[in-house]
Amino acid sequence: MNVVRRIVDLYADGFRQMTIGRTLWMIIIIKLIVIFAVLRCFFFPDFISTHAEKGHEAAFVAGKVLGE
């Protein structure tokens with residue numbers, strides 16, 4: 001348990017003393033959020049809601065899985 005605590009303290013202290021790295025991490029996080037938001041909106045449309053009848057989404061998916 002002592003080793004785990006020392007490792008956690010090492011990383012926590014390193015992140016606490018960061019100056020430029022903190023800004024770079026914020027830029028990375030913002031870019032990831034934007035990238036995944038764009039990917040979800042444009043490349044992963046809600047296929048089930050546009051092709052299945054309202055209330056029968058589970059049957060639609062089961063039919064596609066079973067090959068009906």
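**Exercise 1. Work out what share of the chain's 68 residues counts as buried.**

Of the 68 residues, 6% count as buried. Here buried means under 20% relative accessible area, exposed means over 50%, and partly exposed is in between (1.4 Å probe, protein chains only). Before going on, keep in mind that this is a predicted model, where local features need pLDDT of at least 70, side-chain atom pairs count only at pLDDT 80 or more, and totals for chains, interfaces and linings use all residues. Residues are numbered from 1 along each chain as its sequence is written, and side-chain values use heavy atoms, with hydrogens and water left out.

**Exercise 2. Describe the secondary structure and the overall dimensions of the chain.**

Step 1: list the elements. The chain has 4 helices and 0 strands, in the order α-α-α-α from the N terminus. Both kinds are DSSP runs numbered from the N terminus: helices are H or I with at least four residues, strands E with at least two.

Step 2: box it in. Along the principal axes, the C-alpha atoms fill roughly 55 × 35 × 20 Å. N2 belongs to helix α1 and is exposed, at 56% relative accessible area.

**Exercise 3. Find the salt bridges and say where their partners lie.**

Step 1: count them. Searching the whole structure turns up 2 salt bridges. The term asks for a side-chain nitrogen of Lys or Arg within 4 Å of a carboxyl oxygen of Asp or Glu.

Step 2: take R5 and D9. Their closest N and O atoms are 3.7 Å apart. The two are 4 residues apart in helix α1 (residues 2–16), so about one helical turn separates them. R5 is exposed at 51% relative accessibility, and D9 is partly exposed at 38%.

Step 3: take R16 and D13. This salt bridge has its closest N and O atoms 3.6 Å apart. Both residues lie in helix α1, 3 residues apart, or about one turn. R16 counts as exposed, with 57% relative accessibility; D13 is partly exposed, with 34%.
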